[in-house]
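Visitor: I have a structure open and would like to talk it through. Could we start with the metal site and then move on to a few other spots?

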Amino acid sequence: MIWNPNKECMSRDEMSALQGKRLHKIVEYVYHNVPFYRHKLQERDLTPDDIRTIEDIVKLPYTTKKDLRDNYPFGLQAAPQSEIIRIHASSGTTGNPTIVGYTRKDIGVWSECMARCLTAFGVGRDDIFSVAYGYGLFTGGLGAHNGVEMVGASVVPASTGNTEKHARLIRDLGITGIACTPSYALYLAETMEQIGITKDQIKLRVGAFGAEPWTEKMREEIEERLGLKGFNIYGLSEVMGPSVSYECQAQHGSHINEDHFYPEIINPVTLEPLPKGQSGELVFTTLTKEGMPVIRYRTRDLCSLMPGECSCGRTNVRMTPIAGRSDDMLIIRGINVFPSQVESVVLSMKEFAPRYLLVVDRINNLDTLEVQVELRQEYFTATFDTPAAIDELKKRLRDKLRSVLSINAQVQLKAPNAIERSQGKSVRVIDKRKLQ
Ligand code: ADP
Ligand code: ZN
């Protein structure tokens, strides 16, 4: 099922024409309503009339997270306050939060985009769908909520916390779908095991997982433990919130709602736009947003746009999974390391639970990486008294990490449940070098 075939299955020419028209309008709108953008265009001798087609976008300057922070709280808002009906803030994973105001039309567009995602996941009117992203300033909770109402499923606004109660509701209400972070899905699975709820007592069949990077291995783990099919959903507050892009049943990349969010991939160092297929930093321009539009906003998320067509019939361009954020990328002894690489190694070994932490330090001027990882209960019980088995396991993990990361890491095996759980976005890295 496709929620809006008129917008999700356009021909490339139609889509480009629509994007060009909308880009011109949005540039004109911010030029007249946001001094920050007017000055930036004037510095380049540009007026809105210079932006006529979508290809003209390369003439426009980039906007960064710093620009948003420098204009805290409302400096980049384009609509008058009387038109703003909701205010959210980014989670502030990497610094001060950014404030984002939405007009009534923005909330409508967001709900529509969210409905497109849920429909692609196979959610419909007969589903009972629980939203376990945090409700509040974070866009996850209310964003997903509006979409579930729009498709007409019954929404259960569970939010995070109260996980045991939530687990029982999943069983008792026959909840069929859930939206949460992949880490929370695992936490929920653990909680269910602890209180004795088994997979055959629940009816979950669809998971809408996002807000943090996750790997295919993580997907398999969650699907196996909760007995559902997990779909990726991506978004960020500065652009809208969840529903910027979503997987379809083909699960080969995530379709971008590109009639509203125009994507580009750039080289994060030279800032040159890159051709389709090459990996780099994802940049978005909001084509229809009224509250706080962004022009060529640098997300710092790393991925690529996929060439070719999708078997599902949607023509909207797809993006690959986010490898990490440019500011998540660790440089350890000159080598780039992403937490997701460690995750794929850890989960390729059946002895380990999907719980890990990277601790980076600098000792005698040399960067060090320690990977802490939790043993699954059955292996913990089996190897607990046998140091030789522990040593062998540590060595195997070290070797695998070296072959994937190209650096030596220390490994520390932890008992089950020793690594702290997160209900929202997980903390995967402690970089002590920054603390010095
Ligand atoms: P913050 O930047 O403070 O975390 P948000 O709450 O708006 O603010 O989170 C948006 C960010 O979350 C994205 O820029 C991206 O890094 C991450 N994210 C969201 N969805 C996904 C996803 N499906 N896969 C990977 N990362 C994601
Ligand atoms: Zn598709």
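**Metal site and surroundings**

Guide: Keeping in mind that this is a predicted model, the site of the zinc ion (ligand 2) is tetrahedral, with angles of 104 to 113° among its four donor atoms.

Visitor: Which atoms coordinate the zinc ion (ligand 2)?

Guide: The zinc ion (ligand 2) is held by the SG atoms of Cys 248, Cys 310 and Cys 312 together with NE2 of His 255, at 2.1 to 2.3 Å. Along the chain, these donors follow the spacing C-x6-H-x54-C-x1-C.

Visitor: And where do Cys 248 and Cys 310 lie?

Guide: Cys 248 sits in the loop between strand S8 (241–247) and strand S9 (254–256), while Cys 310 sits in the loop between strand S13 (305–306) and strand S14 (318–319), so the pair ties together parts that are 62 residues apart in sequence.

Visitor: Is Cys 248 buried or exposed? What about Cys 310, buried or exposed?

Guide: Cys 248 counts as buried because its relative accessibility is 0%. Cys 310 has a relative accessible area of 12%, and since the cut-off for buried is under 20%, Cys 310 is buried as well.

Visitor: Changing topic, where is Asn 232 found?

Guide: Asn 232 belongs to strand S7, which covers residues 229–236, and with a relative accessibility of 13% Asn 232 counts as buried.

Visitor: Which side chain does the side chain of Asn 232 join in a polar contact?

Guide: That partner is Trp 214, and the polar contact between the two side chains is 2.8 Å. Leaving aside residues up to four places away in sequence, Asn 232 touches several others besides Trp 214, including Phe 121, Phe 209, Arg 219 and Tyr 246.

Visitor: Which residues line the largest cavity?

Guide: The lining of the largest cavity is made up of Leu 68, Asn 71, Pro 73, Leu 76, Thr 98, Ile 99 and Met 292.

Methods: Residues numbered from 1 in each chain as written. Chains lettered and ligands numbered in written order. Predicted model: local features only at pLDDT ≥ 70, side-chain atom pairs only at ≥ 80, totals over all residues. Heavy atoms only, no water. Donors = N, O, S within 2.8 Å, 3.2 Å for Na, K, Ca; no water. Tetrahedral: all angles 85-135°; square planar, octahedral: opposite > 155°, others 65-115°. Helix = DSSP H or I, 4+ residues; strand = E, 2+ residues; numbered from the N terminus. Buried < 20%, exposed > 50% of the residue type's maximum accessible area, 1.4 Å probe, protein only. Polar contact = N/O pair within 3.5 Å; in protein donor to acceptor, adjacent residues only side chain to side chain. Contact = heavy atoms within 4.5 Å. 1 Å grid on protein atoms, 1.4 Å probe; cavity = no way out; pocket = protein on both sides within 12 Å on 5 of 7 lines; lining within 4 Å.
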